[in-house]
Each structure stands twice: as structure tokens, then as C-alpha cells.
Amino acid sequence: MKGKWKALTFFILPFVLLFAAFYLAPILYAIKQSLYKVERKGTFGKATEVFGGLDQYQRVFTDGPFWESIGRVLLFGIVQVPVMLGLALIFALLLDSGLVKGRRFFRLAFFVPYAVPGVVAAIMWGFLYSPNLSPFTAVTSAVDLLDADLVLWSMANVVTWVYVGYNMLIIYSSLLAIPQEVYEAAKIDGAGAIRTAWSIKIPLVMPAIVLTTVFSIIGTLQLLAEPAVFRTFSSAVTSTYTPNLTVYSTSSIPNFNLAAAFSVVLALATCVLSFAFLKVTQRGGDK
Amino acid sequence: MKNVNRLAPTLVMGAATLYFLVPIWWLLVAASKSRGQFTNTAPLWFADFSLVDNLRELFAYRDGVFLRWMLNSVLYTGGAALLGTLLAAMCGYALAKYRFPGREAIFNVVLSGVLVPATALALPLFLIFSQFEATNTFWSVFLPSLVNPFGVYLARIYATASVPDELLEAARLDGSGEIRTFFTISTRLMFPALVTIFLFHFVAVWNNFLLPLIMLGEEKLFPVTLGLYSWNTQVNQIPELRMLVLTGALVSIVPLVIAFLILQRFWRNGLGSGAIK
Amino acid sequence: MRPPMRSLSIALASALALTACSSGGDAEETTTGAAACAPSSGPVTLTYTTWIPGIENVVKLWNDKNPNIQVKVQTGPNGNGGTYANFFNQLKAGNAPDLGHIEYDALPSFRVQDGLTNLADCAEVTAAKDQFVDWTWGQVSFGEQNAVYGIPQDTGPMGLFYRKDLFEKNNIPVPTTWEEYAAAAEKVKAAGGYITNFSQSDISQFAGLSWQAGGRWFANDGTKWTVNFSDEATTKVANYWQDLITKKLVSAVPPWTTEWDNAYNTGQAWTWVSAVWGANSIKSGAPDTSGKWAVAPMPQWTAGGTVAGNWGGSSTAVFKGSKHPYEAAKFVLWLNTSEEALTALNKEAQLYPATKTGAKLPALSEGVEFYGGQKIYDVFATASTQVSPDFVWGPTMTDTYATASDGFKAVVSGTGTLADALKTAQTKTVATLKSQSIPVAE
């Protein structure tokens, strides 16, 4: 028993300590910051931080553009996340089905976009969308992919492009973890590839799909690099286009306290949504 | 019937390959052009091949600072991903295989760490580091990059799935210590998962640019993403940088592709050994 | 300066200030600012953060000759790209560099955050005042006595870049007034081009145009700020450009993109009302048009007028907390006034000096090949003297620019007008000031 505690300490403590120092401490600090406000005297008076209670939160909740941006990323998520994960699932099943030759090649080819840093991916697609410089001018000169109606979906495409391969790998690796015996039983039953996929594989990789969904929800609410880059070449992307962009612009005013309050609300919103999703899917699983 | 079954999937995968690789191809072609030809030649085919010139210019610009950034990135990401994977694996393994009070509490707290926006963390981290006058150092980026709550989550799931309790019991009966069992038996069983965690951690740190942006003032400490970003903000003043940014972007993908190729080999081996049982 | 003298200057400052409230703030600042300007004993190392390309080569000239005042350069993204945010963070954490690169429009933000050392007590600094173009000193002193919060480095006097060849070929006279400019716009459109590209996100350019017309966006009477983006002059400028946009006489490609370079490179856009540094932007963005451009003075609101606007320009400031303001000031004075440094800065980064003699640098007195051999810098040297000195920037310009540019972007996409966008930006700016507890008149 003594050995168990020694081992536990050895296994858990390093991570927990680092986690406390580099995750919990900053979060607590941000919460504290959000409860303060500045006071100053005169036009150039030095600012002093005083306790402001929920003043900053009141600002957050009455900030129209911020809630609009939350609505915008939710819309983005409702459309983009299912499309991206649907593709990832299809590709993972195809790779796993043995119907496609050159699995290693596809696995690599689909994953390569994930190696492109978000900022660089957005710059690249900016060129591909450009009305005159794009290789696909037939499309881009007819439809403005960067105008107010379409730019959200143009960004959705960038995110999809980068992350399909990543999500595919998560699902694929959990497909590989399915023991061979399960398939052998199916083979004896004479189940075809599609039926095997539908009634055996998908239920078994459901946890992985739930996981990737949660992470996609989180990623969507935290969109920053893509809109930040798109801002430079699209008229439709404002400085408060996504919640994280609002946080970033607020902290560069600089209004640290308000920025902290925005982040806390955003983190809470993310938590609520992810947990709600987990709860819903778990209830479905229990049936 | 059999042929049709194979044709459709192959077509789907082929179309998807085009979708994923054409932008990369574009980047390769763009990086091979001179600045003049970049705007007025076919975007998807080579003009005069100046990739070598671009590369030479890239590595010579400002005393070869780009090479330095690449090395930094390898250090930040390789180091943090290796160590971070080990830490996450140990923690996730312990959460999966030991029952102890507070287990679920720790797990839930760690898991909710994944939900915190990066913008919310980076600024407070900076203020905390500055209390210790440790900003603008290698460690200010390296240490926070070690923490990967998602890795703990994955490690726990994989440990539950791939390390049978009976095996641990057997090891205990053989007199093997808990820690030794972990390193000799469990890590082997978890190996494919560890490679996955490493890979995702590696890419996450490689792509992270907000933290270094806030922490680092010294250009020599920049990782390559921040370096490219900072060049990109200067394109207004120095348009020559645009070609360097594109060439640099191309070069910055190469190490990841290599890492992935190497890891893929391990992955397959790991899976093979997993299948033996 | 001795303490008694200092109290005297505080008393003077208080007397000048309008209310006791503001003098409290001033007094506090003068105390912390003035105590510091004395030479340090022994060698010092200064840290200097900037994004000027090639700055290392300029600083090396200094370091080689000044073993006791060594300057260590740190470079990063441009100001709004991240370096300002870093400065604010560092000031909050108390570890800012000794020196930082700050554009004029950002100086008030840093002063409001109490981030700048007042160099008024460094005798060498105040003595240098007359070397600088008059209006730049107003920008760094905020029009106050005994206040120097940065040393001017470069400026952006504006002029009219135009395609000489196309104007001549189509028999269009080069516009000298805005009325003629609008008339020319019609003719250019008829000839298949656009007179210019209206920039949806360069609000500082629009500010330069308003500055020329007599618009004053901010004022500060010591007790509170006034924000006014809808004064007569600004509205006049807004309506003028609105008209060109509505009639589709200007294009609206997002600026500083390859697309935008392309518009100039392929002769779609015929003019650009821009700052002196724009000379290099055109040269590198539109290389195929070499020899076809020329520069004329900015169009005027009244025929025969001689008023110019300014777009951009920066200062070098000593941050609060620097332990060596004396040495820092000494270095900056060399950097921003000596012919050696100014020549190097111009060579490395095309900076246009903020000093009166800087305009006479050999590099700025020659004909420029790209502009058909025209001595274009003569135009800007004149413009530089025609910039009105009393334009004041607000203390949260990052936010103001962002909101105004959000509105301008909507305008070029077909919603609203520039004047409305400016009114919205004004309301939002007032709200931002309030959320920061900065006193502001409604």
C-alpha cells in the first residue's frame, strides 16, 4: 500500500504542480483581475486599481457586439463542426475498411494541413480566395468569398481544411483499437462493409466522436488566428468578429480588467456548452 | 461488385487528397517564384525556378535569424512535447489504474483546463512570470508548454483500454515495483497512444504563437510562427518580406512532415505489437 | 534639478492648470519624472524595443563609439501588431525596456497608462526642441510646458502621388484642389481606371486628410477629454469621400494586400494621397510602373491654399521605470538628430527625419529614378512645414481605429455612410474612455 502512494505521488505530482502553476494560477489571477476597475484623476492621471465588484461583468453583459459574436461562432459551429467531423469519420472508416489502397499516403496527405500553423494557413487561403490572384479565378471573380455573406464560411473552410485530418486520426486510431475478434464475429454473420461500419464501428468509436466534438466546440468558441488574419483583407471581419478577437482588442486598449471579464465569461460559456453536450450524449448512450 | 466497391472510395479519397494538397502545392509553387513573377504568372505552376534564391535569401536575412527560429521551435516543441507527453502519460495512467480519493476531482479540474481560452491564460501568465523576472526567457515559453490537459485525458482513456488490470496484478505478484511496471510494461502497451499524444502536443506547441508573442521581446528567442507573424506585420514597410514569409511557411512545415513520417513508422510497429496479444 | 526648484515648477504647473483636480495628477508625474535625469555612474546598458528594419546596423554605429552606454536592441512585430500590447503588459509588470518606439497617435495611450518618463528636466532634451519640425514637438509635449514624453523620430507629411504618364496621355490636369480632384476622378473613370483606392482600414490616413481640412478629433483641457469626429471639417472630408465611393469613382480593395499592390501595379489606381514613406510602398508594390509616377502637393480645400496633412511618424520614448533616463535621452538625441544616424535610418528603413535639417540629407535631395528623376522629397519638405501643429490624438486610439475601420468597412460593402461610421466611432470611443475611468465630456 505504501508503494502505491509513493507511485501515485511520482506519477501525478509533477503534472499537477505544473498544472497548478501554469493553468490554475493564471485563471485565478484573471478572475481576480475581472473584479477590479481603474480609477484616475485628471486627463492623464495615474490609474489606481480598486475593487469594482461585478462592474466589468455588467459591461460584458450589456455589450451588444460581444453577444453578437457569440451568436456568430455558434452558427459557425452548428454548421462547420458536423461537416468537418462527418468528413473525418467517413475518411477514417474508408481508411479502416481496407477498400482503399495507399493508406499510409492518404493518412499523411490528409494530416499535412494540420502542420500548417493557423496564421500561415489563413494567409495562404487569403491568396486562394483573392478575386484576382487566386488560382481559381473562375470562382473567385464571380463570387466574392470575402464579403459579409460568405466570409464566415470561407473561414469555416480554412478551419475544416486544417482540422479534418487531425480529427480523422483520432477516430482512426480508436478504430484501430477495436479488437479483431469483434470483426471476426461480424464476418461470420456475413455483414458487409457498410453494415459493419454502421452497426459495429461507429458505435464503438462514439466516445472518440464525442471527444472530437467537444474539442471542436471549444475550438470554435475560441477562434482567433483565422479572423485576425482575415481582418487584414476582408471588409466584413470587424475587430469584434469573434469573442476571442474582442478579448484581444480589449486587452490591447489596454483594458486588462474588462478583457479578463470577457475571458472569464467566454471560458464559462465554453464549459457550459461542452458539459451540456457531454451530458446529452451520455444520456443517449445510457438508453 | 467488388470493383465498384473499391472505385467509389478511391475516388472520394482522391478528391479529398486534391482538396488537402492543392493549397500546399500552391505554397510550394509560390515559394519558388521571384517577387515579380508571384503576381503575374500562373499561380499553380512554376515560373522561373527561384526557390533556391528565395531559400538563400531567407536563411541570410538578418544574419540567418530564420534558422535560429527553426532551431528554437524544435527545442520548444520537441522538448516540451517529449517531457509533456511523459508527464501527461504518468498522470493519465495513475488516474486510470489507481483508485484514490480525489481522483475524479483531479480529473475534472484537469479536463476543464482544456476549456480555458488561450487568450485568458497568456496575459496572466506573463504577469506571473514577470513577478519572478522570468519573462523574455526560454523557460517562460517552455514551462507553460509542458502542460497538456488533453494528453492526460487521452492517456487515461488509452490506459483504461490497453493496460489490463490482471497484467498489473501479475507484475505485482512478480515483485515488480509500481514505477518499474509503468516504465517496462504499461508504457509499451500504451505506446501507440503515447505517440498520438506526443504528436498532438508537438503540433499544438509548434502552432502556438500567442504565448511567445506576449512573453518574448528578444527576437533571438522567437519560435518560427512568431517570427513569420512578425515579418508578416512588416510587409507594409518592407514588401520584400512577403516572399520570405511564404518561403518560410513552406520550410516551417517540413520538420512536422518529417516528424510525422518517423512517428508513423513507430505507430505501425506499436500497433503491431499491440495486435499480438 | 534641486528639489526646491522642482516644487517651484510644480507650483507653476498648478497655476497654469485649470483645476486643483488635474494639478494633483500633474504634480505626481513631475515628481517621478524629474528626479531621474542625472547621469549614472559607470557603464550602463539600455534596452530598446522597436520594429524598424535594419535598426541593428544603426545602433551598432553608436555602440562602437560609446562603450559606456551600450544599447541592446529588441525587435518584434509593428506596434498594433503586438508590440504596443507587449509594452502595456510590461509596464503593468514593471519590466518595460528603457526605450520604445511609439507612433505619435499612440503616445497619449501610453501617457494615460502612466508609462512615459517626462524628459523635460534633461537639459539636452529641452535644448534640442528647436531642431525639430514644430508640429512634432506639440505631439510629444501634448502642448504643455515642461513636458517632453518622447523624442520625435520620423514624420509622414502627405502629398499626391500620381501616374504622370496616364494623366498626360488622357489630358487630365493634375488636381491642385479637392474639387479638381473629384473632377479628375470622373475623367479617370471614363478612361477606365480609378482615381485612387479608398482605404477602409487606414483610419490614420483619413485622420491625416481631416487634419489638413482643419478637423480636430480630440481635445483635452486638463480636466477632461472631448471627442469629436463630426466637426465641420471632418464631416466635409467624410462627405467628400462618401460621394466618390457612392459614385464608384474610387476602388475599395483592402489596403496593404497583394491585391492592392496589384491595383497600382496594373494601372487600375492612378493616384494615392499618401505620406512621404508611401514613395517606397509604391516602388516596391508596383515595380512595373517604374518611371511613370510623380509627386505633387496635396490637393487643397481652397484654391491656392498651402495646408498639408500628416500620416504616421513616430517618436522614441523613455519608459517609466528606466533607471537611466539621462543616458537614454542622450542616445535618442543622437539617434533622432545626428546626420550619421538619420542617414543610416533613411538608408535602412526609409525613415523621413523629424528634424529641420534632416530634410536636407543628401539622400533626400536627389532625384528619384522610380519617379522619373523628380526630386520628390522637396515636395514633402515643403509639406512638412505646412502641417498644423495642434492636432491631438486620443488616449485609446487602437480602439478608435478599430471601431472606425469596422464602420468604414461596412461603408465600402454598401452599408451606411462614412459620417455615420465616424459618429458610431465617437460614441464607442467615449464609452471606452469611460470604462477606463478617463474623464470625458459627453
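Q: What are residues 7-28 of chain B, helix or strand, and how far apart are the end C-alpha atoms?
A: That span is 100% helix and 0% strand, with its end C-alpha atoms 30 Å apart. "Helix" here means a DSSP run of H or I with at least four residues, while a strand is a run of E with at least two, numbered from the N terminus. One thing to keep in mind: this is a predicted model, where local features need pLDDT of at least 70 and side-chain atom pairs count only at pLDDT 80 or more, though totals for chains, interfaces and linings use all residues. Residues are numbered from 1 along each chain as its sequence is written, and chains are lettered from A and ligands numbered from 1 in the order in which they are written.

Q: Which residues of chain B are called a "transmembrane region", and where does that name come from?
A: It comes from an unreviewed UniProt entry, which puts the label on residues 7-28, 74-95, 107-132, 138-159, 189-209 and 241-263. Such annotations may be inferred rather than shown by experiment; positions are in the numbering used here and feature names are shortened. Residues 241-263 of chain B, for one, are 100% helix and 0% strand, with end C-alpha atoms 33 Å apart.

Q: How much of chain B is called buried?
A: The share is 49% of its 277 residues.

Q: What makes chains A and B count as touching?
A: Two residues are in contact if their C-beta atoms, placed from the backbone, lie within 7 Å. By that test, 63 residues of chain A meet 69 residues of chain B. H1(A) gives the most to chain A's side, with 19 residues. That side divides into 50 nonpolar, eleven polar and two charged residues. Nonpolar means Ala, Val, Leu, Ile, Met, Phe, Trp, Tyr, Cys and Pro; charged means Asp, Glu, Lys and Arg; the others, Gly among them, are polar.

Q: Where does H9(A) bend?
A: At A:Met206, by about 50 degrees, and a proline, A:Pro207, follows within four residues. The bend is the angle between axes fitted to the seven residues ending there and the seven starting there.

Q: What are the domains of chain C?
A: Domain 1 is 3-155 + 312-369, and domain 2 is 157-310 + 373-435. These bounds come from an automatic or database domain assignment. Their C-alpha centres lie 28 Å apart, and 29 residues of domain 1 are in contact with 28 residues of domain 2. On domain 1's side, H5(C) supplies the largest share, four residues.

Technical notes. A residue is buried if 20 or more other C-beta atoms lie within 10 Å of its own, exposed if 12 or fewer, and partly exposed in between; C-beta atoms are placed from the backbone.
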